[in-house]
Amino acid sequence: MADTTAAVTYGNYLRLEELLSLQHPRSEGAEHDELLFIIIHQVYELWFKELLHEFDRVGNLLTADESHRAQHTLKRILTILKVMVAQLDILETMTPLEFLSFRARLEAASGFQSDQFRQIEFALGAKNERALARFPEHSRARDALTKRYHAPTVWDAFLRYLSREGYPVPASLLSRDVTAQPQPSPEVQQILVDVYRRDVKNAELCERLVDLDEGLQEWRYRHVKMVERTIGMKPGTGGSSGAAYLATTVGTPLFPDLWQIRGRL
Ligand code: HEM
């Protein structure tokens, strides 16, 4: 019988033919900058996929009390976030007029509809049930987001880990409703102050979580500035007020307890 198994090549391993056929500009011509716009969004979606994969790993490693490896994974996450922030520089080489040359062809499409971005927010605790309804029932996006909505967050895995490390995390927080946003807790803040003062290993872990929080805020800040310089205060294609709405999402911490203790250290 003939061997029909093709040898692995660079092209077939990476599914290059499919990958390179996935960019379809909608403008007539097509407008030169639309390809960049598509590719950069596709690259972001791939990074989002990788981040979600790594968040799951951080959760699993904390649950297995492997804090050193969890820190190692957080370092990788932060490196990806830095690349994601830096990538906005590329899109900022597109002028407002270049964007306008094809913007109308986007119709109501918007980053608002990125389920993976919402999954990232959910994995880190910034959950909002209303986001689910924006995706069709039984779609991949809706199912994935619903699963994240009901799953414990990275913060929950961290609190449970601290409890197993011997810290007096209140039982109400260990069994809290994981679909709700984590609220600041004076008890957790006291624990964190103790960690920072006496426990180098776990203080390092806290610092990586602060890096992660700051990294996502940095992306939000750079994205809103890019939006402002590209479309000013015009409304977004997704139906929001645009830069004004995005500005409300900047500066809200994911892990408020880690920020609130800084002045006490
Ligand atoms: C010229 C470039 C861009 C412009 C003008 C722009 C504009 C906007 C606007 C106005 C919104 C608010 C929602 C709306 O009404 O549409 C938004 C949301 C969003 N955009 Fe962009 N965007 C750009 C590039 C990008 C890129 C490269 C990404 C990477 C994936 C991205 C991801 C997102 C996400 C995830 C949201 C939702 C944010 C949230 O709700 O907190 N955008 N964008």
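Some ground rules come first: residues are numbered from 1 along each chain as its sequence is written, and side-chain values use heavy atoms, with hydrogens and water left out. Since the model is predicted, local features need pLDDT of at least 70 and side-chain atom pairs count only at pLDDT 80 or more, while totals for chains, interfaces and linings use all residues.

The chain has 13 helices and zero strands. Helices (H or I, at least four residues) and strands (E, at least two) are DSSP runs here, numbered from the N terminus. Along its principal axes, the C-alpha trace spans about 65 × 65 × 35 Å. Of the 265 residues, 44% count as buried; buried stands for under 20% relative accessible area, exposed for over 50%, and partly exposed for anything in between (1.4 Å probe, protein chains only). As for contacts (heavy atoms within 4.5 Å), take those in the chain with a separation of 6 or more: residues 24 or more positions apart account for 70% of them.

Now for the ligand. It is surrounded by 28 residues, and the closest are Ser110, Arg118, His223, Ser240 and Tyr245. For Tyr245, an N or O atom in the side chain sits 2.5 Å from an oxygen atom of the ligand. A polar contact is a pair of N or O atoms within 3.5 Å; within protein, one must be able to donate a hydrogen and the other to accept it, and residues adjacent in sequence count only if both atoms are side-chain atoms. Which elements give two or more residues to the shell around the ligand? They are helix 3 (34-63), helix 6 (115-123), helix 11 (200-231) and helix 12 (243-249). Helix 11 supplies the largest share, six residues.

Helix 11 is also the place of His223, whose NE2 atom, at 2.2 Å, is the only protein donor of the ligand's iron atom. Donors are N, O and S atoms within 2.8 Å of the metal (3.2 Å for Na, K and Ca); water is not among the atoms, so sites may look incomplete. By residue type, the shell divides into 14 nonpolar, 12 polar and two charged residues. In that count, Ala, Val, Leu, Ile, Met, Phe, Trp, Tyr, Cys and Pro are nonpolar, Asp, Glu, Lys and Arg are charged, and the others, Gly among them, are polar.

Leaving out residues up to four places away in sequence, Asp115 touches Phe135, Arg140, Ala141 and Leu145. Glu121, also found in helix 6, counts as buried at 9% relative accessibility.

Some backbone details turn up in the loops. A cis peptide bond, with omega about -10°, joins Gly29 and Ala30, and Ala30 is in the loop between helix 2 (16-20) and helix 3. Asp65 is not a glycine, yet has a positive phi of about 60°. Asp65 lies in the loop between helix 3 and helix 4 (67-91) and is partly exposed, at 39% relative accessibility. Glu107 has a positive phi too, near 50°. Its loop runs between helix 5 (96-103) and helix 6, and Glu107 is exposed, with a relative accessible area of 56%.

How values were computed:
A residue is near a molecule or strand if one of its heavy atoms lies within 4 Å of it.
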